[in-house]
Amino acid sequence: MLDIPKRLCYAVREDVGKGESMLPLFDFHSHILPAMDDGSRSAEQSIAMLRAEAEQGVRVVAATPHFYPHREAPASFLKRRARAEDTLREAMATQEGLPRVVVGAEVYAFEGMSDCEDLPRLTLAGGDALLVEMPMSAWSDRLLSELAQIHEKQGLIPIVAHLDRYVNRFNARRTVERLAHLPVFIQVNTTFFTARSTRRLALELLCSNRVHLLGSDCHDTEKRPPNMARAAKQIADKADPSWISWIYQNSMELISENAER
């Protein structure tokens with residue numbers, strides 16, 4: 001088994017105590033930057049999405065637009081992202097009570113990515129957490145090794161995005177066990193906990209320390225809106241409210257001092 005970074009050890013929970021209600025939430029995966037990808041189409045829609053997040057108790061939102069290395073050079077992506085972030089922050093300046101927004105990317109996995117010198121510029125809030133979107137095809141040992149190499153070569157912590165997407169395609173438990181031997185965090189979408197067909201598995205993986213981060217993967221206010229509160233309620237009702245605090249603390253630890261204040 002590979003050595004786990006010291007900060008990753010935070011995600012191994014040894015005891016569960018009763019938590020309180022109205023716990024803060026961290027949406028670790030969203031497409032809230034305006035006109036950046038297939039998410040929000042305008043600053044107005046982004047503000048509406050942030051307002052919905054705030055009403056659900058979300059304190060921090062990670063803006064993670066898609067980055068496809070086979071479609072666009074990192075420099076071009078980063079330039080577009082900077083413009084979109086400026087537009088959003090200008091709109092946010094006229095509002096009150098919105099969550100903090102930290103910016104990163106959802107990087108599509110590719111061979112050789114551990115050697116990509118631009119990876120640190122794609123991390124969340126300029127820290128060491130890198131959200132990685134895995135392919136829908138079966139994951140080769142070579143690709144999984146690439147995740148480990150990202151940490152070993154660049155000191156970054158890969159976050160496997162929306163693991164729940166692959167539940168119906170692969171053997172879920174075997175996939176999770178393979179990832180457990182790598183220096184990675186696992187992020188799942190809120191629908192993993194709210195859908196009846198996957199709710200039981202989601203809770204099982206959470207309570208066995210196999211899921212560490214929660215994101216809405218919201219794209220708009222209608223078809224794919226923020227829905228963090230529904231997932232939090234399922235966790236609180238079916239498991240224990242303190243798991244929500246645990247997820248929040250994992251998220252905050254990963255952005256730590258690098259997050260925008």
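Which elements make a right-handed β-α-β unit? They are strand S1 (residues 25–30), helix H1 (residues 43–55) and strand S2.

## What you're looking at

This is a predicted model, where local features need pLDDT of at least 70, side-chain atom pairs count only at pLDDT 80 or more, and totals for chains, interfaces and linings use all residues. Residues are numbered from 1 along each chain as its sequence is written, and side-chain values use heavy atoms, with hydrogens and water left out.

## The strands around S2

Let's go back to that opening unit. Right-handed here means that, with the strands pointing away from the viewer, the path from the first strand over the helix to the second runs clockwise. Helices (H or I, at least four residues) and strands (E, at least two) are DSSP runs, numbered from the N terminus.

S2 covers residues 58–63, and five of its six residues are buried, so the rest of the structure largely encloses this strand. Buried means under 20% relative accessible area, exposed means over 50%, and partly exposed is in between (1.4 Å probe, protein chains only). S2 pairs with S1 in the parallel sense over four bridges, and Ser30 stands opposite Ala63 of S2. S2 also pairs with strand S4 (residues 100–103), again parallel and over four bridges; there, Val61 has Val101 as its bridge partner. Two strands count as paired if DSSP finds at least two bridges between them.

## One face of H4

Now for helix H4 (residues 172–180), where Ala172, Thr175, Val176 and Leu179 are buried. Looking down the axis of H4, these buried residues fall within an arc of 95 degrees, so they line one face of the helix. (The arc is that of the directions from the helix axis to the C-beta atoms.) Their cover includes helix H3 (141–154), strand S7 (157–160), strand S8 (185–189) and helix H6 (199–207), with contact meaning heavy atoms within 4.5 Å.

## Rings that pair up

The whole structure holds six aromatic pairs. Rings of Phe, Tyr and Trp (its six-membered ring) pair if their centres lie within 6.5 Å; planes under 30 degrees apart are stacked, over 60 edge-to-face, and the rest tilted. One of the pairs is Tyr68 with Tyr108, which is tilted, at 6.0 Å centre to centre and 50 degrees between the planes. Tyr68 sits in the loop between strand S3 (66–67) and helix H2 (74–92) and Tyr108 in strand S5 (residues 106–108), so the pair ties together parts 40 residues apart in sequence.

Phe192 and Phe193 have ring centres 6.1 Å apart and planes at 65 degrees, so this pair is edge-to-face. Phe192 is buried at 2% relative accessibility, and Phe193 is buried at 1%.
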